[in-house]
Amino acid sequence: MNHLARELISFAVRAPSGHNTQPWQFSVERDAIRIYPDLSRRLPVVDPDNHALFISLGCALENLIIAAAHQGLSARTDYFPPDEPEQCLRVRLCEGAQENVEALFRAIPARQSNRGIYDGCAINESDLERLLEANPCQSVLVRSFRVGHPDIEPIIGFVREGNIAQFNDPAFATKLVSWIRFSQREASEQRDGLTAQALG
Ligand SMILES: Cc1cc2nc3c(=O)[nH]c(=O)nc-3n(C[C@H](O)[C@H](O)[C@H](O)COP(=O)(O)O)c2cc1C
């Protein structure tokens, strides 16, 4: 594998993924890096249709593109091209990135899901508006619910009910436990899954 591709992939694999399953595999050819779903890492109980798995691939792709742009390369991605024997994301790189990705690039190794409260501040109005407008999909409606707003109360109830149902499902609990790394040694050997610390 060439040095640059290896470096870009090292940033891609720092992406978030459901239960930190890292459900991706990569291949490198002269002009293309391919990202494949690793279905041996799927979560059949919480993610029966693999949608979180494919979101995770999108996160890896995003990191790869940011890392490439940081090297001055722009990426063209083909999503599940029909001329490939297996389903994959195919990324072709060429000289000449347009965007300044410095801040995003620096965030790749710094970012971490810790399930703590953020800084306790509400998202400012203009950022929230941009988030709501960023949805490009006609068939998906995005709404925001604010803490303290009466609309959020029923949602809290649904989330609580959902959580209780999940944890009462032995298949869910068994699968979750299989992804928990109970010691630092286990975590550094496996290099995936959730540590007690990361669970918050
Ligand atoms: C598609 C997707 C779904 C996720 N779902 C949850 C979730 O339901 N609950 C949760 O606490 N974290 C969730 N996460 C966060 C992951 O557990 C986290 O990204 C993973 O453990 C890796 O840790 P990191 O983000 O610090 O690299 C999700 C992440 C992704 C990409």
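The model is predicted, so local features are used only at pLDDT of at least 70 and side-chain atom pairs only at pLDDT 80 or more, while totals for chains, interfaces and linings use all residues. Residues are numbered from 1 along each chain as its sequence is written, and side-chain values rest on heavy atoms, with hydrogens and water left out.

To begin with the overall layout, the chain has eight helices and six strands, where helices (H or I, at least four residues) and strands (E, at least two) are DSSP runs numbered from the N terminus. Going along the sequence, they come in the pattern α-β-β-α-β-β-α-α-α-α-β-α-β-α. The C-alpha trace spans about 50 × 40 × 35 Å along its principal axes. Of the 200 residues in the chain, 28% are buried; buried means under 20% relative accessible area, exposed over 50% and partly exposed in between, with a 1.4 Å probe and protein chains only. Contacts (heavy atoms within 4.5 Å) with a separation of 6 or more include 51% between residues 24 or more positions apart.

Among the buried residues of α2 are Leu53, Ser56, Leu57, Ala60, Leu61 and Asn63. The buried residues of this helix pack against α1 (3–12), α3 (102–110) and the strands β1 (24–29), β2 (32–37), β3 (73–79) and β4 (89–95). Ser56 counts as buried because its relative accessibility is 4%. Beyond residues up to four places away in sequence, Ser56 touches Pro16, Ser17, Gly18, Pro23 and Trp24. After α2 comes Gly72, with a positive phi near 80°.

Two residues other than glycine also have positive phi. Most residues other than glycine have a negative phi. Asn20 has a phi of about 50° and sits in the loop between α1 and β1. With 23% relative accessibility, Asn20 is partly exposed. Arg115, in the loop between α3 and α4 (125–133), has a phi of about 60°.

Ten residues from domain 1 and eleven residues from domain 2 take part in the contact.

Grid points are joined across faces, edges and corners, and a volume is the space filled by probe spheres set on the points.

The largest pocket holds about 1,000 Å³. It is lined by 28 residues, with Asn20, Gln22, Gln112, Arg191 and Gly193 the closest to its centre. Since domain 1 and domain 2 both give residues to the lining, the largest pocket lies between them. At least two lining residues come from each of α3, α7 (184–190), β6 (194–195) and α8 (196–199), and α7 gives the largest share, three residues. By class, the lining has eight nonpolar, 14 polar and six charged residues; Ala, Val, Leu, Ile, Met, Phe, Trp, Tyr, Cys and Pro count as nonpolar, Asp, Glu, Lys and Arg as charged, and the others, Gly among them, as polar. Glu186 is found in α7 and is partly exposed at 26% relative accessible area. Leaving out neighbours within four places in sequence, Glu186 contacts Ile180, Arg181 and Arg191.

The second largest pocket has about 260 Å³, and its lining includes Cys121, Leu128, Val142, Arg143, Phe145 and Arg146.

The largest cavity holds about 40 Å³, and Gly18, Pro23, Arg41, Asp47, Leu53 and Ser56 are among the residues that line it. That lining divides into four nonpolar, three polar and three charged residues.

Definitions and conventions. 1 Å grid on protein atoms, 1.4 Å probe; cavity = no way out; pocket = protein on both sides within 12 Å on 5 of 7 lines; lining within 4 Å. Domains from an automatic or database assignment.
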